[in-house]
Each structure stands twice: as C-alpha cells, then as structure tokens.
2 protein chains.
Amino acid sequence: MAAVEPLQRLAASLVVVRASGQLSDAQRRYPQWELANAELQRLLAAGVGGVILLGGSATELRLRCAQLGRWGGQPLLLCADVEEGVGQRFPGASWLVPPLGLGMLHSRDRQRALHLAERYGRCTGREARALGLNWVLAPVCDVNNNPANPVINVRAWAEQPAAAAELVAAFCRGLQAEGVLGCAKHFPGHGDTSSDSHLELPLLPHDRQRLEAIELPPFRAAIAAGVATVMTAHLLLPALDPQRPATLSAAVLTGLLRQELGFNGLVVTDALMMEAISANYGPGEAAVLALEAGADLVLMPADADAAIAALVAAVQGGRLSRERLEASAQRRRTALERLPIDPLEPLQPIEAIEPLEPDNALALELIEACGIRRSHGVLGGEMVGPGLGNGPGLNLVRLDDSLAAPFLPSDAPALALAERAGYRSLLLDRRSPSPWSDNPQAPLDLARLDLAGLNLAEPQLAKREALPVLLQLFVRGNPFRGSAGGGEPWAAVVEQLQRAKRLAGLVVYGSPYLWQELEPLLDVATPAVYCLGQMPLAQTWALQSLGLGLSDGPMDRRAGEFTD
Amino acid sequence: MAAVEPLQRLAASLVVVRASGQLSDAQRRYPQWELANAELQRLLAAGVGGVILLGGSATELRLRCAQLGRWGGQPLLLCADVEEGVGQRFPGASWLVPPLGLGMLHSRDRQRALHLAERYGRCTGREARALGLNWVLAPVCDVNNNPANPVINVRAWAEQPAAAAELVAAFCRGLQAEGVLGCAKHFPGHGDTSSDSHLELPLLPHDRQRLEAIELPPFRAAIAAGVATVMTAHLLLPALDPQRPATLSAAVLTGLLRQELGFNGLVVTDALMMEAISANYGPGEAAVLALEAGADLVLMPADADAAIAALVAAVQGGRLSRERLEASAQRRRTALERLPIDPLEPLQPIEAIEPLEPDNALALELIEACGIRRSHGVLGGEMVGPGLGNGPGLNLVRLDDSLAAPFLPSDAPALALAERAGYRSLLLDRRSPSPWSDNPQAPLDLARLDLAGLNLAEPQLAKREALPVLLQLFVRGNPFRGSAGGGEPWAAVVEQLQRAKRLAGLVVYGSPYLWQELEPLLDVATPAVYCLGQMPLAQTWALQSLGLGLSDGPMDRRAGEFTD
C-alpha cells in the first residue's frame, strides 16, 4: 500500500480538472463538466495538480482560488482561458480586444503593436495574479491564415507568421513579468483548419517544410521568450504522424516540440474531453497515450479518476516508467517555483478585499488602435461630415444568442446610444422570428421590420414607416458554433438597404472577414465602423465614431430605472 | 463646530443610501443611482446609517457587506429588496415563487400555506444573515385586489385582506426568528393602484372605513407579529391627507401608523428618488418633510448630501427639533440591538468562506404547492393522458426582455427540455421582429413563425411546416414596465392555434390574471400548466408536468458544450 499511494498521488498531480469559478454548486453553468465541490475536494485531497476555472465574477474567482488553495494542501496550478484579458471570462476585470487586432495594427505600426502586446500581457498577468490564478492559458500561437477557421479566428495574434511570432513573444514577456505562467497554444498550430476540434478531429495536410514556414514561428518565438508551458492541439498531421492526433503523438510532442524546438517547460494537453479525442479514446487511455507521447499534464479528462487509475496501471504494468511521471511532476514543481507568490500564503480577511478596477484606459487604447472608421468612402482617421443623423430610425442588431451575450446587457451602448438618438432597437439572433424574405436580392423582409419597436405589445400598428436602418453586426468565430457567422446574406442586405436609400450606417463588431466583405460594397456616403471588440466600451467608441452619443440626446426611460 | 458635527452625524444616521452589491465601481448596473466607492466611503465615514444593495451574486454580497461594515465604523443597517427569496436578487441563494402563490394556496389549504409562509420567512432570514444583510425589505403587505396593478401584483401575499394578514404575520415570524429585521410595506397599502409610483404618484380614493377593511389588516398583523420596520407608500390618499403623499404625511405616519396602529418600530420611506416624490419635492425638502411627518429613516434620497444638509438646517432653523431626530436615531439603535449578531464582529479569512447552497427543496415545494396543472379539461392533481407529445414542433416563448432575463439563461429548461423533445425555440420579446399579422382574429403570423429555427443562418428555407406550437408565456408585473403584459392578444392567439389544431400545450409563468383569461379558452385536450415562479426550477416542474424531460430524449448539442 505504501508504494501504491504515492504513485497515485504522483499520477494525480499530472491531472488538471475543471471547476466553476463560483463557490456554489448551484451556480455551475456547465454542471456536466464542472466538478461539484465534494468531488473537487476529494480529488484535490488525492493530489490532483491543477484546476481550470470558468464562470463567476472577478471577485468570486478570487475567493474560489483561495478556497482551492486551502483544499489542495499543496501548491496548485490554477488556470483559465483568459485570452482576451481576464475580464473576457470574469466580469469586473479588464476586457480587451481580441489579439488579432494587434496583428492588423502590426502591418500599419509595428512598434505600437508590439508595445501594446506587451501591455496586454502585463494587464492580463497582473489581474490574473491579483485574483489568484497563476497560469494564463494564452497566448494563442496559431497563425489564422484561414478566414473560415471557426474556432481560432480572432483569438490568434496575426494572419502572418512573422507578425504573430513577434506579438506572442511580446505578450509572453509582459505576462510572465507579472509572475504568472503563460501557455503557447495549440501546438503545432491550429490556424489553418476549417473545422472545430471541440466537435471533430481536424486534419492538417501540410508537410514539415510548410509547418516550418507558417505554423511553427510563433511557437519558436514564445519558447525563446521563455513561455512556461505549451498546449497541444487535437489535430491530425499525417506528415508527422499518420495515426495519432498531435496531443497523443510522440513524433509531435517529443520529436518536434522537445527535441527539435528544445522546449523544456511543461507540456499540457488541450481538454481531453473534446470530441476530437473523446470520440476515439477512453478517458484513461487518452491520458496514458498523452504521457507516452511526451505530455506532462492532462487537461480536463472526461473522468479524472479513470485517468489517474489508468496512469497508475500503466506504470504498474510497465507501459509507462515511473521516471517518466516523475520527470513531468518535477517540471510542474519547477514551473510553480518560478512564481513569486506562494499560493499557500495566508490570505486577507474578507472585509479587507479591495475590488479590482479594470484598466479601461488600455482597453480603450486597444479599441482605438485596432478599429477602422470609414467616412465618405475614406478609411481611417477622423470621421468627416455629419456622420449618422438622429432618428427616427431602426437599430438592427445581429448577434448569435441574446440569452448568452455578456457584451450586450439590456442597457448596452449599442442599444442605449442608438435609442437615445431615436433609433428603435430590433434584435436578430438564432431564436428570433425570421427576418428574411424569399428574395435573395432583397433578403430582408423590410415591410416586417418596419413594424419594429415594442412590437410585442403592439399587434396592430397604424403606420409602417420606411425608416433608415443602422446595421450593427456582432459576428465572430466561437467554439461550438461550427461557423463564423457565415450563411447569412449580409452583403445582399447592405446592397438592398442602399438601393432603398435606407442604410444609415454600418458597424461590424468582431469578424474582420465580414468587414472585408461588406466595406467595398458601401456607398461613398455611408458611414461605417469596424471594431474587433464586442464589449460595451467598444460599442461606445463605435457609435461615437458615427456621431452618436457625443452630446446628450433625450434620455430614454431605461436611464431612469433603478431596479429590476 | 463641536455642536454642528454631531448634528450632522445624527442626521446622516437617518439616511439609507444605495449601492451595488458588487465590489467594483465598474460593475455597477445602475451607476446613475449606485454610489461609487469613494462617495460611499465618504458618506459612511460621515455617519450615514444604512445601505440598500442590489446586484452581484450571493458570494459577492457577502464580501460587500463585510466591506461596508468596515467602512461604516458603526453598526449599519444593510438591506435589500429580497421579497422572493434572497436568490431573487443575488444569484446563488434561494429563489422562491412570488408570495401571491401562497395566497392562492391559502384558499385551498390554509394550514399548509401558513406553514410554508413561515418557512419562506425563515429561509429568507437565514440566507440574508449568512450574507451579511440584517434588514430584509419584506413582506409586501399590500393586498393585490386590483389585477391591473402594474407594480405590486404577484409581490403581494394575497388578494384578500384576511389571508394576506395571516400570511405576512407567518412570514414575519419566520424571518425575524432568524435574526434579521423585517419591513412591512408599502404603508398604508399599494395594492389597489393601477399606476406605478416609480413613474408617477398614484391616487387611492378610498375612505378610512375602506382602508380599515382592505388595506390595513396585513399591516396590523405584521405589527402584531413584531415586524421591526414599516415602509411608507408614495400614494396620495385624499381621505387622510389631501395634500401630501403618505410618505410625507403626518396624518398617515404619525396619526394612523404610530398613534392608531401603535407602531413603535422604525418607519422608513420608500425610495425618495422615485418619480412620485422627486418630481414634486427636492431631495432635501423631501427628507425634511418625511421626518416632520413621522418617518425615522429616509431611503435613497436623490442626493444624500442634500438630504443631510437639509435635515441639519431644519434643526438649526427650528423647523425640526433635535429631539425628533434623536428619537429616530434611538429607534434605529434599538432595532440594531435586537439583532443577535454584531455586524462589526471579526470576519473569516477569505479562504474559509463556504458557499451558500440554495434551499431547492423548499423552492420546489413552493412551486408544486402553488402551481396548477390542467389535463383533459380538469384542473389540479396529476396530469393524465399522454401530455405533450414529442416534436417536431415550435417552442414559442414570450418574455419582456431577453437581455435582462436572469430566469432564462441560454440553457434554461424552458428551452432545453423543449428542444430535447424536438421543439425548436422561438423567442418573442420587445426587441423581436414583429410576430403579428394584421388580422385580429388570427394575430400570429403563422407562416412566418413556420420559418423558425436557426433562422438567422437560413435565409431561404425549403419547406414551411405547420408544426404544433408549445406556448410558454413569461408575463408578470415589474416596476418600470408600466403594464403587466397587457396589450398583447394572447387570448386570440390561443383561439387561433386551437382552430388550426396547432396548440400542443400552454404554460403561463407569472401572472395569474393572464392564466385566468386563457384557461377557460382551452380545448379539453390541450394540456396546460400555470406556474407563478419564472425561475429555472419552475420551468423544469412545468415542462415535466406536461410530460417533457422525464426520460432522456436525444441530447441537443448545447449539452455537449463546455465553454463560451
């Protein structure tokens, strides 16, 4: 028994489990994947080595990390997918534009882009550490050279390898200078895929030479900048390994990453519960294969107990050597020892907790630096001319899911500023009644949209006005969506509204590819803005760029409300 | 100076200001009304006597209360409008059906209703105290005998005075047994108004005899049960005071409440920033008038400094006596001394915070006790017959505002259970494209709704199926809405769908008045459920009552997702 127990703890230390960032079991948003507290406490007591967190406010996360530190009884790796500032996942912290914005800026102003990338990393590292995270699962090192990529997309730092390499290195320097570990992902490069490994196993048909030219430079740069960890991709690369996905491939992890690229830090798998892995390998077998291939840590196995038991059995059966696990555990300890803060340090009493205030100055600087304004047919610079006039008009807002849109609270600037200027808001999402006609040349059913505005309470409206339309499109690639907003005929809508002289203005929030498709179609007089970020601060910037919200229009009633 | 300074602190101690329940200024949802931390800290240091909190999770609220206790430097009144369980306002705590459900139960099973009302109070008190609140702004003692009441409605405990009186007394006993103060509101009774005092000053034309018969019994009962505080209503009652609203009326507060009803506890105004007051009186004058009338505490003055300065000036100018303020301050101290916990007691270190787990057993018992199931034309009891069949079908969901619907997250049972059974969800809210036709006899544009289901990505659908419709209506009165869902032709919709043999089932969440309108129209075979609560647990109960979600249907994709 005495020999088995430490082996189990050794194996457990290489497992990173998933939990909610909130304290209460009842608040879990994905209870299927987020461990209940009793399970979590049991696994941490058994030596599980880390936790990946999602959900809850910045303040809740701080409590959660303190709690986990106490439950762990050993220094833990506490991580989160905070690729776009800590506020992307944990409200109350800084929410920054997606990294691809700095790649776009890089082509115009390289020095400024690199400077901002470093500050982006500093801000993320500072806030992560303040909340108790010691491991930031960023930067995304994938080169997004495939606009159809549904899952990487604007999470990448650039579309070109050289720019991405410089930017991720700058981010890593800033991030790790704040005393947290970074993570270069998804090795050896997930940028050129048009399918989502959350849903299936993508195939990358490139040979080694092509990888060297496109995919690998950002990883080499992050490693040279001292990135502490690398995350594997669930991709099949037949040129390197015709059988196993990169996550489970010795050729990729040991041959390429460790030996050729000389990476000595921690190698962590992407979530093993993703379909690309879990559809083909059981939770125990996937963990054993990952360690055999050269990974140090297994992230989110579908069943943590099964993963630990399988690792133990693999050592006992001679399939994995104990030294192999010891080496990974040592790399984990070394990474934790690099950190300036002992996670078990005594913590403050609750009444002394001070809030984190987000760095809105940096967030706004990034929005401005990465945004594009178009006026009278000219891109960039100040808006000239009158911009968007006051209403009456329609404020047509497209988004994926109005029930899961943290960027669009009921009083979001995209609604409030437009409404104050006289535009009635109309939301289109995947659960709306159809806005479409049968005519591909005029896909919007304008007669129906002219009935807009508090429609639900007004079944019979007396008049149908042909109002000008402010079009605001929130479109970006997101995991599990399977597309990046494609399939909707926005180009035809722009042309339809312009033919009818009804396009008052256009804002695209998110996808640069949609902007690139629509911008050339615009009449000279149509004011338009592209903004990579979707958060409220970005909306204010975009609509102010169009001339809305600069002075106080008549207040809508919402502004007077004070309860719900 | 030495005499002025204590007078200012004395006046300040009678003011209750408004703040967010979250720590960070950046997270305030109503920054126009919620003090920034620097202001809040200054006012508390100056002796402000209490804070009303809204927003943030249960966990955040606990930190916030601890922080305010430290800033106060004196015991503070910390309160919130948690009328429907603490989870109504602070996610993570128990979210209970609106009180009117127990009034409905009371007519069928008086003992059970009273027993549940006391447990309702106990649950609310226990959780409030656990989070640091010491003052619960409940029970609503208004008798909702006006179904058109836009603001009280289901917040009331009953439509009949005697039932309301028994129920609020039971609630008060349970609540205050847990060591927090209760608050009987809105004196002398806001139940029979058809306008919202958040927006204008309602008028109650009743004479004293009628008040005695309808409005006053619940207040008398709460006072007899020992309720610690009473909140005033912003109502004009010409029979008692032709000039001043109740909040500012000596006839109402001193004559009726103190002298006739013999209430010796704390009298607090409703929020002075509400339009009914603020449109007619400045923030300083309103505070002075309230104290002159007999109030002890002024809640949410539009400007706390102005209110304090006006009270000081009124004493210095001889308009109010210093003794008058001293008496109120003494009542405030007495109320705080009744509490078992010293709010300044040293608090736990943050890593020791344990989550509050909501009392879902009570929440579900209330849902079941207050719900109504109808099958084969028979109300109540078990559902008989096949219930709702599996789809394909449409799941037509009506709500006020999908961007401010805490009861309807993207994976809410009202969506997920229906979708798993093959019903495609379609959401109608105030920002949707119009679902209406021009025909009052057939108000739903069914041809358009048949295009439903991921519409946004499918501009041209090949087929338009005439699918059965599951109708789920989330309708209840809410402050600031100005109506309780009226104006929409749901009765005609029910008849239209039944004529077309397309009404698969009906659920009304919230308004008993809408249910009472629709239920008699239903065909014998149409299964239907009424559920007063709108929260996810209520949705599960309602749809399971219709036969959905009892066994596992095919999983929708959402269930496999694990990130956003």
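Analyst: Chain A has 18 helices and 15 strands. Keep in mind that this is a predicted model.

User: What share of the residues in chain A is buried?
Analyst: Buried residues make up 61% of its 564 residues.

User: And the contacts, how many link residues 24 or more positions apart?
Analyst: Such pairs account for 77% of the contacts in chain A with a separation of 6 or more.

User: Let's talk helices. At what angle do α6(A) and α7(A) cross?
Analyst: Roughly 20°, and their axes come within 8 Å. Helix α6 covers residues 161-177 of chain A, and helix α7 covers residues 208-224. Angles under 35 degrees count as roughly parallel, so α6(A) is roughly parallel to α7(A).

User: Is that crossing left-handed or right-handed?
Analyst: The crossing of α6(A) and α7(A) is right-handed.

User: Which residues make the contact?
Analyst: From α6(A), they include Pro161(A), Ala165(A), Val168(A) and Cys172(A). From α7(A), they include Ile214(A), Pro217(A), Pro218(A) and Arg220(A). By class, the contact has 14 nonpolar, no polar and two charged residues.

User: Switching topic. What is the mean pLDDT of chain A?
Analyst: The mean is 89, and 89% of the residues in chain A reach 70 or more.

User: What ipTM does the complex get?
Analyst: The predictor gives an ipTM of 0.90, with a pTM of 0.92.

Key. Residues are numbered from 1 along each chain as its sequence is written. Chains are lettered from A and ligands numbered from 1 in the order in which they are written. This is a predicted model: local features need pLDDT of at least 70, side-chain atom pairs count only at pLDDT 80 or more; totals for chains, interfaces and linings use all residues. Axes are lines fitted to C-alpha atoms, for helices over the stretch in contact, and angles run from 0 to 180 degrees between N-to-C directions. Helices (H or I, at least four residues) and strands (E, at least two) are DSSP runs, numbered from the N terminus. Angles under 35 degrees count as roughly parallel, over 145 as roughly antiparallel, 65 to 115 as roughly perpendicular and the rest as oblique. A crossing is left-handed if the near helix is turned anticlockwise from the far one by less than a right angle, and right-handed if clockwise. Two residues are in contact if their C-beta atoms, placed from the backbone, lie within 7 Å. Ala, Val, Leu, Ile, Met, Phe, Trp, Tyr, Cys and Pro count as nonpolar, Asp, Glu, Lys and Arg as charged, and the others, Gly among them, as polar. pLDDT is the predictor's confidence in each residue, from 0 to 100. A residue is buried if 20 or more other C-beta atoms lie within 10 Å of its own, exposed if 12 or fewer, and partly exposed in between; C-beta atoms are placed from the backbone.
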